[in-house]
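Please read the points below with the structure open beside you, and look up each residue as it is named.

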Amino acid sequence: MPSSIAVFGGDKFPKKQTPDDVILQPKTIYGVTKVFNELLGDYYRSKFGLDFRSLRYPGVISSQKYAFNGTTDYSTEIFFHALEQQKYSCWLGKEQALPMIYIDDCIDATIKFLKTPASQLNRSTYNLAGISFTPEMLVEQVQRLIPGVQVSYDPCPTRSKIAAQWPMSIDDSAALADWGWKYDTTMYQLAKKILSNIDAEYKEGRTLVFEEEEHTSSDELEPAFEAIASQRTKNSPSKATPLDGLNINMV
């Protein structure tokens with residue numbers, strides 16, 4: 001059963017490295033229904049032995065163009081605006097940190113979770129952390145990949161209010177301990193994956209720059225992210241595969 005970081009809400013839980021077991025006070029109907037599903041499934045698991053399993057997905061990013069209405073959807077929409085218009089106006093503030101995961105990696109995590117023997121699972125619902133970043137951090141990578149993109153920030157009151165209720169980062173150590181899941185990527189690797197998998201028709205005629213990058217564990221990004229997260233609290237690669245028809249520079 002898919003759940004979501006939307007189960008979190010209110011101000012009675014830690015926004016950084018949010019653990020699995022905290023007070024859940026979601027402020028959206030979407031989050032309320034997710035909490036209902038989690039609790040009902042856990043009830044059937046404990047009372048009737050049902051093998052109920054649920055993952056709290058972070059924001060899920062894809063490389064497909066669709067109606068971008070969700071709070072975290074800016075992370076995909078920005079690429080299409082960058083390619084088609086060379087500019088983007090972000091509906092979240094530049095320091096609004098949220099956890100995200102690429103859709104293929106989300107599917108891999110889900111399959112791994114479902115294949116794990118029930119005897120190894122010590123709970124019915126698990127956090128799935130992904131990688132946490134702010135719009136400003138993603139914009140930096142988009143501008144590396146698509147030179148000349150201009151980005152402004154025009155926070156939407158409704159989406160910003162929802163995002164502020166959610167965790168800035170997630171603790172999914174229980175998933176690592178019980179079924180071996182760990183999301184190890186960097187901001188650049190994530191951005192490159194999104195762009196590389198966008199249909200070629202959207203990239204035709206654009207100059208894209210795919211750089212050499214030594215692998216850096218996502219754990220090493222934590223100090224920089226913590227600095228941004230702390231400020232908000234006070235105020236509250238490898239070579240790319242050439243694609244036909246594209247202008248790609250290797251730096």
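**Note on a helix pair and its surroundings**

1. Please keep in mind that this is a predicted model. Helix 2 covers residues 74-85 and helix 4 covers residues 135-145, and the two pack at an angle of about 35°, with their axes 11 Å apart.

2. On the side of helix 2, the residues that meet helix 4 are Tyr 74, Ser 75, Ile 78, Phe 79 and Ala 82, while helix 4 contributes Pro 135, Leu 138, Val 139 and Val 142. Sorted by class, this contact holds eight nonpolar residues and one polar residue, with no charged residues.

3. Tyr 74 deserves a separate look, for its contacts beyond four places in sequence include Pro 135 and Leu 138, and also Tyr 88, Trp 91, Met 100 and Phe 133. In the largest nonpolar core, which has 59 residues, Tyr 74, Phe 79 and Leu 138 are among the residues that touch the most other members. In soluble globular proteins, nonpolar side chains tend to be buried together.

4. Ala 191 belongs to helix 7, which runs over residues 187-196. Is Ala 191 buried or exposed? Ala 191 counts as buried because its relative accessibility is 0%, and the cut-off for buried is under 20%.

5. Leaving out neighbours within four places in sequence, Ala 191 is in contact with Phe 79, Leu 138, Gln 141 and Leu 145. Val 139 lies 52 residues from Ala 191 in sequence, and the C-alpha atoms of the two are 9.4 Å apart in space.

Note on methods. Residues are numbered from 1 along each chain as its sequence is written. This is a predicted model: local features need pLDDT of at least 70, side-chain atom pairs count only at pLDDT 80 or more; totals for chains, interfaces and linings use all residues. Side-chain values use heavy atoms; hydrogens and water are left out. Helices (H or I, at least four residues) and strands (E, at least two) are DSSP runs, numbered from the N terminus. Buried means under 20% relative accessible area, exposed over 50%, partly exposed in between (1.4 Å probe, protein chains only). Contact means heavy atoms within 4.5 Å. Axes are lines fitted to C-alpha atoms, for helices over the stretch in contact, and angles run from 0 to 180 degrees between N-to-C directions. Ala, Val, Leu, Ile, Met, Phe, Trp, Tyr, Cys and Pro count as nonpolar, Asp, Glu, Lys and Arg as charged, and the others, Gly among them, as polar. A nonpolar core is a set of buried Ala, Val, Leu, Ile, Met, Phe, Trp, Tyr and Cys residues joined through side-chain atoms within 4.5 Å.
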